[in-house]
Amino acid sequence: MRAPKLRHALVAALAAVSTPASAAFFQIAEQSASGIGNAFAGGAAVAEDASTVWYNPAGMTRLSRPEIVVGGSYIRPSFNANVLSASTIAGPTISGGGGEAGANAFVPNVYATYPVSKRFTLGAGVNAPFGLVTDYDNTWAGRYYALRSDIKTVNVNLAAAFKFHDAFSAGVGANHQNLNAELTQAVDFATICNAGALIGIPGAGACGGPGGFTHPNNPNDGHAKVTAKGDAWGYNAGILSQLGATRVGLAYRSQMKYKLSGEFDITPGTNVPPALLTDPNFRLVDSGASVQATLPSTVSLSAFQQLGSRWAVMADVTRTNWSVLPELRIKFDSGQRDQVVTLNLKDVYRYSVGATYRPNDSWALRAGVALDRSPVQSPADRTPRLPDSDRRWLSVGAGVRASESVSFDFGYTYIRLTDTSVQKTDGGVNSENAFRGNLSVNYTGSVQIFSAQARWTF
């Protein structure tokens, strides 16, 4: 499916951005600079600006004037790979170390709300809720599992909210999401050629050891790339209850079911015979490709408590249902066997608490902490494309009102990733990891996020 041509400049900017995951797995949490200062604690209950279109559309009824929020986050991830061992299925060592795989990116967002009446409000938002980019050196030891992984999404959200009572509001929204993906890896023709020679493929023996395709030195690898794109529809809904100085919000975002279509392109080494590439045991030829993938639903329960005129505290629990994505399976029009990455993800929770202090009517000072659980269950399930682990957030931020109609918000977050590992085993022909080799890697990582936004009310 082709992505629709959206005229809005922000949509074009989002579509061009490679977005590094900063929440669990490849979810992107940074959808507002005001929220990041509290580590998004109370996200479904705070409703202090138009970003509530995303976090809980019911909160739009708290905004008495039309407003626009334009912001973005600069994300600096670090995934450092320390290779413990790497070898082919036949035993020879695969050369190349690990190194840094993270890539920086700027992720923009925009929101707008318009109160039609005292009870009914409309809103819209454009942002990037999921994204991933990791990029390894071409000679690293895990190159047969991953080189570049790049996933971009753009979400357009239209929403409406109604205040049934001063103590109760509800909202609902429709979402259209586009996804573009590119996955690349090296291809181990040193091992494939030798396997082809054993089963008698003409010319395969000449492209093995005698042809210069040998380990442990960097061989004349091939290169494979899968690109895919598509779109999906979903919805979000929420309720908000105000009881005195206490506000409680409950928000839900639906799954996004994708049918992605694209291309598989392979570049073999110079000595690889066509008979090997077209043999039914390998079938390493250019082809159309397709993927069906479901991105998870989320449900958030948030609370906000005002403590006098200066202080407020907030908390949030968000469940993300990652179990809907047990694997990534790529199908090929050429008839070659599916390429599978088993994920075996579990549903997980994110917990956050925060506080805001207002020393005067112009300034707001924010802080928050969060624990974001990883959905990956074991080193065998973890992929070098995204070596995910539990994340601990420490956030600070500030907001300033420049005039009656203009205000600015800033935030900074440091995320510490728990040290983790990847353990992959080549099970031979027809296995998931066939001809990728055995790989053992330890990872350390962190993420820094710098956010800013401007808010105009009319």
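Me: Which strand gives the largest share of the lining of the largest pocket, and what makes it a strand?
Reply: That's E19, with four residues. The model is predicted, so to say: local features need pLDDT of at least 70, side-chain atom pairs count only at pLDDT 80 or more, and totals for chains, interfaces and linings use all residues. Residues are numbered from 1 along each chain as its sequence is written, and side-chain values use heavy atoms, with hydrogens and water left out.

Me: What makes the roughly 870 Å³ space a pocket?
Reply: On a 1 Å grid over the protein atoms alone, a pocket is an open set of points with protein on both sides within 12 Å along at least five of seven lines, whereas a cavity is a set where a 1.4 Å probe fits but cannot get out. The volume, about 870 Å³, is the space filled by probe spheres set on points joined across faces, edges and corners.

Me: How do you know which residues line the largest pocket?
Reply: Lining residues have an atom within 4 Å of a point. There are 39, and Glu48, Asp49, Arg358, Arg401 and Arg455 are the closest to the centre.

Me: Which residues line the second largest pocket closest to its centre?
Reply: Leu284, Gln336, Arg337, Gln339 and Ala434, out of 26 lining residues. That pocket holds about 450 Å³, and E7 gives the most to its lining, three residues.

Definitions and conventions: Helices (H or I, at least four residues) and strands (E, at least two) are DSSP runs, numbered from the N terminus.
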